[in-house]
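Some terms used for a protein model rest on cut-offs.

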Amino acid sequence: MKVMVCLKQVPHQDARLDVNADGTWIQDGNIKFEINSYDTYALEEALKIKDAGEADVVVVSIGPDRVTQALRTALGMGADRAIHVKDDDADLSDTLGCAKILAAIAKEENPDIVFTGFMSDDGNFSAVAPMLAELLDLPSATGVLSVEVGDSLKCERELEGGALEVVELPKPCLAAIQTGANQVRYASLKGIMQAKKKPVDVKTMADLGVSDAGAGAVKAKIEKVYVPPKGDSAEILSGSTDEIVGQLVTKIKELGVL
Amino acid sequence: MENDLYATPEHEAFRDTVRKFTGEVLKPRAREFDAAGCPDKALFKKMGDLGLLGLRYEAEYGGSELDWSFSAVMHDELGRCDNAGVCMSISVHTEMATPSLAQFGTPELKREYLAPAIAGESISAIAVTEPDAGSDVAGVKTRAVRDGDEWVINGTKTYITNARIADWFCLLAVTDPDAGYGGYSQIIVPNNLPGVRVDLLDKIGMWGSDTGQIHFEDVRVPVANTIGDIGRGFQQQMMQFQDERLVACITGLAGSEVLWEETKRWCEERQLFGRPLAKMQNTQFKLADLWVELQAARALNDAVVKQMCAGVDATKLTTAAKVFSVRVSMKVATECMQLHGGYGYMKESMAGRAFVDSRLAAIGGGSNETMLHYLAKQLGM
Ligand SMILES: Cc1cc2nc3c(=O)[nH]c(=O)nc-3n(C[C@H](O)[C@H](O)[C@H](O)COP(=O)(O)OP(=O)(O)OC[C@H]3O[C@@H](n4cnc5c(N)ncnc54)[C@H](O)[C@@H]3O)c2cc1C
Ligand SMILES: Cc1cc2nc3c(=O)[nH]c(=O)nc-3n(C[C@H](O)[C@H](O)[C@H](O)COP(=O)(O)OP(=O)(O)OC[C@H]3O[C@@H](n4cnc5c(N)ncnc54)[C@H](O)[C@@H]3O)c2cc1C
């Protein structure tokens, strides 16, 4: 069985984020990056399948040089191979562009299962996974909390209000994994050293025969990134703790939010 | 560390692993360890499973045969765990109590003690200091007298880190009182033997580590527990101190960097006289000045790591780095505490803790005066 895991490298959760000069993204020149948290759970699901039997786990990422580190970490955790789409133009893609590039790789790799994260910590679009499934014409599930692999892939999905749903996807299929789905393993030192010998294929959009992604194909353009201005509608409650709690409960009732 | 020395993908991936361990396992429990007065043993097992406890040691015993650059990355991350005591406890095990065993121990001794230490199944401590001998290491009096195939040990060691949680001590004892510097030996003494008694000490800082006084009364261990040759203990311990000092520099600096960041954030948020504290020139000058010193300390530490990796004698620079990084850590702690105002004086504040924690480095692992004395000698004075 082959499992493909799509990984995105995002700013580290502890990184200090400042908006860049032209207000279109953050200043990312001097900050630390890490694997998107959702994707680490996706990778863990793949590695669990590998632990349970035979599976070839290939991790894929689009991004500049620094992405090598995310891929090396994934290999250190136990993935078998990595594909790095290193192409300045690919980096400028919108979500659909990314999905097209990933689809081109999936077509070459023919995985039985594609795992992605449910969304990315930085972009929050939740768009690439369903687009990728659509481009590949694969059945898919999002917000997946656990999977059970057999002839098909049983996915437990998280719904509104804490409800759960189980869907069964015939393979090949795609599942977008939710955080908290599992206990993500560490790359042990031994794993990291073994990863040195594991292959990382570097590809460009041209190598993959993709021409309709990148800057030229962008449909959704980020207009502006900004920190919301401080409002003056905040009300500071005062008094003893009991009084404050009483006032707070009254306010919540007044607002009818519960 | 923006430095070629640590720039390979393996270093980076390794840093991620340690950072994840620090963030998920150590940081959330930092105050719990303070309350307990020590880290729990399960932490060591977890670190052993990840391969973190034998970075430079032989693969045969579970180590990874890497160089100091990996150790530096590890301690640079562990130093950010928000508990200097826990960090010290770990580094005592990895860099202060086991290097001599790894370098000079017999294969049998390494199988029995080093392999479980690397696996995180046993914890080690270094027992050198005595009530009447600290800086003057050659003044130790703990005596090991040979009786057939056994040493019979009597004496008292004090201020010993990991005193309670340790499974064994790397003990420096006098084996021949007439042999001068050739009369000391390093001996492994399990903590659970009859005649070993540990009394815990109450410290002003480093709350997350257990420091104790250890009494040895007619404690019997096999002579085979001697690390290296009998009579070479003093020299081997001097070498072991090199690793101890370097790790103290690295973890101390990492803690100072975290505190600096946290203080900057505090000053940006703290409003005084209608503007952020960070907008006052005094604050800016102080923080900028501390930043300069942090860069210098990092450069010096890196220079030592480079020498260690190259296998050249790093004694002079290690000694210099120890003196310098202590100064920087203490200064950062004092100034950051000041910038925190009254809050900095609270036990719950990172600055307040750093104020007491950083103080130790000027005393332990070779006090400032000892370092300067030693450096002066090396400089031909
Ligand atoms: C929290 C903590 C943990 C510790 N952990 C361990 C451990 O795990 N294992 C261990 O063996 N020890 C440990 N120690 C002991 C530590 O190494 C000693 O405290 C240190 O070596 C200083 O020795 P001392 O306390 O006997 O002070 P002393 O040696 O009595 O020093 C007193 C003063 O004299 C100064 N002095 C020394 N030499 C000179 C000189 N040549 N010229 C001028 N002044 C000088 C010193 O700098 C110091 O200011 C620990 C100590 C503490 C506080
Ligand atoms: C143990 C203890 C006991 C105390 N007891 C009492 C008590 O009994 N009654 C009471 O009322 N208070 C008490 N205090 C509070 C104490 O007076 C305040 O902590 C002190 O006035 C500092 O105020 P702050 O903590 O708000 O710090 P801040 O005012 O926020 O100061 C933060 C930093 O800004 C610096 N700063 C301030 N002004 C300037 C400036 N113009 N330019 C540059 N830097 C500046 C300060 O020096 C400090 O370094 C106590 C505090 C402690 C720790």
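Predicted model: local features only at pLDDT ≥ 70, side-chain atom pairs only at ≥ 80, totals over all residues.

Residues are numbered from 1 along each chain as its sequence is written, while chains are lettered from A and ligands numbered from 1 in the order in which they are written.

Q: What makes S1 and S4 of chain A paired strands?
A: Strands pair if DSSP finds at least two bridges between them. Strand S1 (residues 2–6) and strand S4 (residues 56–62) of chain A are joined by 5 bridges and run parallel, so by that definition they pair. Met4(A) has Val58(A) as its bridge partner in S4(A).

Q: Why are S9 and S11 of chain A called edge strands?
A: The open sheet of chain A has 9 strands in the order S9-S8-S7-S10-S6-S1-S4-S5-S11, with mixed pairing. Strand S9 (164–170) and strand S11 (200–203) each pair on one side only.

Q: Which residues is Ala175(A) in contact with, leaving aside its neighbours within four places in sequence?
A: Contact requires C-beta atoms, placed from the backbone, within 7 Å. Among the residues in contact with Ala175(A) are Phe115(A), Val144(A) and Cys155(A).

Q: How many residues does each chain give to the contact between chains A and B?
A: Chain B gives 14 residues and chain A gives 14 residues. Helix H1 (residues 9–26) of chain B gives the most to the chain B side, with 9 residues.

Key:
Contact = placed C-beta atoms within 7 Å. Helix = DSSP H or I, 4+ residues; strand = E, 2+ residues; numbered from the N terminus.
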